[in-house]
Amino acid sequence: MNNLKHFSKLKRFQQLLLTTLLGDVPTIFGGVKLRNLLYRAIFPRIGSSVYIQDGVEFISTDAIQIGDGVYIFKGVRIDGRGHENNRIHLENGVILERNVLIGAINNTSIHIGQDTFIGPSVCISGPGDIKIGKHCLIAAHTAIYANNHNFTDPTEPIKYQGITCKGIVIEDDCWLGHGVKVLDGATIGRGSVIGAGAVVTKDIPPFSVAVGVPARVIKSRDGKELFKSTESTLLTSN
């Protein structure tokens with residue numbers, strides 16, 4: 001047991017040393033190539049043609065897998081600490097724009113599918129499992145929180161009432177507009193569009209267009225109107 005603890009401490013030290021020394025080496029001084037080469041010693045997997053800009057922070061790299069052709073830009077923070085079974089997996093072609101925050105808190109799996117784009121200042125956080133499918137577009141300042149505070153007992157401080165962590169699923173080919181919030185327990189069906197500023201509190205059927213607070217489906221993508229609403233103007237581009 002003592003040998004295992006010693007090995008674990010050495011591994012953490014190696015991770016911290018390499019990420020500290022290499023994390024801020026500028027691109028013009030070969031930082032991308034150095035990180036691609038030497039980070040392989042501390043990650044379970046880094047694929048080919050990966051672009052990790054300077055100023056990216058990794059914590060507990062043994063929990064993080066990076067596929068081929070992944071782009072990670074300045075200010076991104078990926079935190080896998082908190083539990084030995086935490087897993088963060090970026091599939092091939094994922095793009096994380098500036099200042100994205102991804103955190104696995106406690107026995108959490110966060111999986112981002114192939115060719116998915118995550119816009120600037122998006123926050124993705126457990127402890128519930130989060131699965132984002134392939135070919136998704138997640139616009140800036142979106143928040144995906146797989147936890148929620150219990151608050152049913154008015155005699156007890158909310159911070160002591162515990163949390164739910166049911167998890168979140170965003171299926172393939174979804175587009176979430178600017179500033180969308182997705183709360184614990186929600187599934188967004190394949191091919192759906194969520195309007196800017198919407199708050200998703202419950203399941204959205206596949207190929208739906210949903211807007212508002214809380215989000216409600218106003219039509220399907222075949223053009224069939226389900227509700228008459230001026231809220232459809234909330235749909236915006238990245």
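This is a predicted model: local features need pLDDT of at least 70, side-chain atom pairs count only at pLDDT 80 or more; totals for chains, interfaces and linings use all residues.

Residues are numbered from 1 along each chain as its sequence is written, and side-chain values use heavy atoms, with hydrogens and water left out.

**Exercise 1.** Determine how many disulfides the structure holds, and explain the result for cysteine 136.

*Solution.* 
Step 1. A disulfide is a covalent bond between the sulfur atoms of two cysteines. The criterion applied here is a pair of cysteine sulfur atoms within 2.5 Å.
Step 2. The cysteine sulfur closest to that of cysteine 136 belongs to cysteine 174, at 4.9 Å, and is therefore too far for a bond.
Step 3. The structure accordingly holds zero disulfides.
Step 4. Cysteine 136 is buried (under 20% relative accessible area, where exposed means over 50% and partly exposed lies in between; 1.4 Å probe, protein chains only). Its value is 0%, and cysteine 174 is also buried, at 2%.

**Exercise 2.** State which side chains of strand S7 are buried, and identify the strands joined to S7 by bridges.

*Solution.* 
Step 1. Strands (E, at least two residues) and helices (H or I, at least four) are DSSP runs numbered from the N terminus.
Step 2. In a regular strand the side chains alternate between the two faces of the sheet.
Step 3. Two strands pair if DSSP finds at least two bridges between them. S7 runs parallel to strand S4 (residues 64–66), with three bridges, and isoleucine 64 has isoleucine 88 as its bridge partner.
Step 4. S7 also runs parallel to strand S10 (residues 109–112), with four bridges; here leucine 90 is partnered by isoleucine 112.

**Exercise 3.** Describe the lining of the second largest pocket by element and by class.

*Solution.* 
Step 1. On a 1 Å grid over the protein atoms alone, a pocket is an open set of points where a 1.4 Å probe fits, with protein on both sides within 12 Å along at least five of seven lines; lining residues have an atom within 4 Å of a point.
Step 2. Among the lining residues are Arg12, Phe13, Glu57 and Phe58. Helix H1 (2–22) and strand S3 (57–59) each give two or more residues, and H1 supplies the largest share, six residues.
Step 3. By class, the lining has five nonpolar residues (Ala, Val, Leu, Ile, Met, Phe, Trp, Tyr, Cys and Pro), two charged (Asp, Glu, Lys and Arg) and five polar (the others, Gly among them).
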